[in-house]
Amino acid sequence: MTHFRSQLVSFGLSLGLLLPQCTLVEHVASQKSAALRPLSRDECRTELIDQADLSTVPRAAEQSLEYYRRLPEDRALPLLDRTVSVRGLRSVIESLFAQPLKPGDVAALCDRFVLTKATPSQPLLVTGYYEPELEARRRRGGRFRYPLYALPDDLVEVELSTFCPTCGDKRGVGRVRDGQLVPYCSRAEIDAGAIDGHAAVIAWLDDPVEVFVLHLQGSALLHFDDGVHVHISVNGSNGRPYTSISRALVDAGKLSAEHVSLASLKDYLRAHADERDALVQRNERYIFFRTVPAGPVGSLAVPLTAGRSLAADAHIYPTGALVLLKTASEGGAAGLSRLAFVQDTGATITGDHRLDVFWGTGDTAAAIASGMRAPGELYFLLPR
């Protein structure tokens, strides 16, 4: 799917001794202002509170374990300016099944793990995302004239060294023309029909704003008029750069930076249909989809769990990891304190200061996610 992030403090050499199983080491290119701080057991018992229904934790935990089973145990995953081994992260999650969690007993984890606070380079912002339910048609007709495309047959992902000897082992997305890798079609070109004949249409929708938002959210539950319900999820992109339309509207003074949200973006696009196409086409990134048997599925290729799955920057935070997320009360919404798992990424979720919480499917999830924009704190549970 798409889309969340973390906090800071000083990190001593002693942590390497406290957490040998995680093989925590510094990156050569570290983020100087970001840091980690291990909490004492007393601090842990004060902070480690889960206010949600714990019955959903095992389901989310099993999804992270499924992901870790596909990785080498000595694989190093980033954690701010450090790395942590798959072996260490996996051992933490496996222990949840050895001693099932009970309400009011979450603090017992403090005896088995070190709760480590992550502090990013700027204040952590936590937002939400969801899986919309949308009416769809299998054929174009009437108001259903906006396509959701499958992956085009002429889009390739290649080692850039094949075409650019100085590019190293970086990968590129595009199309091959005369033996050269060239950029794939932009959003504007695709909207104008540039990939017709190269990409199958999975479904036709009746709202161009919902189509654009779906490219941000990454998944949907489609309801066809024959009674069939189909989950779809991201299957790739055109490789073009992502541009935030919300940021463009804030910079132009058309949306308030303090109150910008997915809901306000949708409202603006619907209220300014004359600007809509030009605005969304400023974001050249175009998403292609696939059907999935059970959704929504995150970037780890495992199903997401409402209220327990997070999206974060995979270059900064370890995918699959068990975390404690806290948010402040904001705009009438209650704050959070709950265990969660890093199981997704998102084009809008980049940097050490952003996190996105997945809230599920449908209107209730949409209302929670659309209104979520709060400062937060992020903690990792690591082996003692």
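Modeller: Buried means under 20% relative accessible area, exposed means over 50%, and partly exposed lies in between (1.4 Å probe, protein chains only). This is a predicted model: local features need pLDDT of at least 70, side-chain atom pairs count only at pLDDT 80 or more, and totals for chains, interfaces and linings use all residues. Residues are numbered from 1 along each chain as its sequence is written, and side-chain values use heavy atoms, with hydrogens and water left out.

A salt bridge is a side-chain nitrogen of Lys or Arg within 4 Å of a carboxyl oxygen of Asp or Glu. The structure holds 23 of them. Helices (H or I, at least four residues) and strands (E, at least two) are DSSP runs, numbered from the N terminus.

Start with Lys 266 and Glu 210. Their side chains meet in a salt bridge, 3.1 Å from N to O. The pair links distant parts of the chain: Lys 266 sits in helix 8 (residues 262–271) and Glu 210 in helix 6 (residues 208–217), 56 residues apart. Lys 266 is buried, at 12% relative accessible area. Glu 210 is buried too, at 14%. Salt bridges with shared partners join Asp 207, Glu 210, Lys 266 and Arg 270 into one network.

Next, Asp 225 and Arg 137. Their closest N and O atoms are 3.4 Å apart in a salt bridge. Asp 225 lies in the loop between strand 13 (219–224) and strand 14 (229–237), and Arg 137 in the loop between strand 7 (133–136) and strand 8 (146–149), so the pair ties together parts 88 residues apart in sequence. Asp 225 is exposed, at 56%. Arg 137 is partly exposed, at 21%.
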